[in-house]
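Please have the structure open as you read.

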Amino acid sequence: MNIERVVAPLTIEEVTQLTALLCEAVSLGASIGYTDATQQAEAIQAYWQQQSRAIEAANLHFFCARVGQQIVGVVGLECCTKPNGRHRGEIVKLIVGHQWRRQGIARKLMVAAAEFAAHLGLKLLVLDTRSDDITVAFYQTLGWMVAGEIPDFAQSTAGDYQATTVMYLHPTAEG
């Protein structure tokens with residue numbers, strides 16, 4: 001398994017694989033921007049096509065975990081482009097395929113993103129995650145701190161509204 005930063009526009013095959021990965025995560029109940037993988041599959045594909053253009057503009061960096069040619073995990077680092085926020089970035093779309101979980105892939109992806117953020121000179125990273133999810137504790141093991149919680153932040157795949165925990169990290173070259 002290799003972790004690679006996407007440095008060129010996504011290929012059609014990469015868009016297809018990333019769409020399938022995100023659809024799988026949503027189908028399994030992940031709070032990751034979508035609520036119905038079947039009805040929103042086209043929107044999910046369009047999301048990855050839009051991200052491909054953002055990669056070209058160098059405002060967004062994606063890291064993929066690959067086994068051979070198969071993408072088994074992904075995480076994004078979105079750099080703030082506002083004049084007063086160029087020192088910070090946001091972690092987006094951490095996804096690991098269901099059959100690949102519990103193998104340290106998410107940790108490796110997060111470390112790669114944080115190290116790259118430090119390389120870019122970013123001083124602050126932020127993310128949000130569903131409050132009642134295991135991800136809060138996972139991020140804390142990586143040094144992330146809880147800034148607070150926002151109630152009713154996102155609609156779940158079941159239709160209810162859930163709180164999100166906002167977290168931050170001051171990245172270092174060591175991750």
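In this predicted model, β4, helix α3 (residues 105–119) and β5 form a β-α-β unit, and the unit is right-handed.

**Strand β4 and its partners**
- Of the 9 residues of β4, 7 are buried, so the rest of the structure largely encloses this strand.
- β4 pairs with β3 in the antiparallel sense, over 6 bridges.
- V92 in β4 is the bridge partner of G76.
- β4 also pairs with strand β5 (residues 124–130), here in the parallel sense and over 3 bridges.
- G89 stands opposite L125 of β5.

**Helix α2: span**
- Helix α2 covers residues 41–56, which makes 16 residues.
- At 1.5 Å a residue, α2 should span 22 Å; the C-alpha atoms at its ends lie 24 Å apart, which agrees.
- After α2 comes A58, with a positive phi near 65 degrees.

- The buried residues of α2 are I44, Y47, W48, Q51, S52 and I55.
- Viewed down the helix axis, the buried residues of α2 fall within an arc of 145 degrees, so they line one face.
- E42, R53 and E56 are exposed, on the face of α2 turned away from its buried side.

Technical notes:
Residues numbered from 1 in each chain as written. Predicted model: local features only at pLDDT ≥ 70, side-chain atom pairs only at ≥ 80, totals over all residues. Heavy atoms only, no water. Helix = DSSP H or I, 4+ residues; strand = E, 2+ residues; numbered from the N terminus. Expected span 1.5 Å × (residues − 1). Buried < 20%, exposed > 50% of the residue type's maximum accessible area, 1.4 Å probe, protein only. Arc of directions from axis to C-beta. Pairing = 2+ DSSP bridges. Right-handed = clockwise from strand over helix to strand, strands pointing away.
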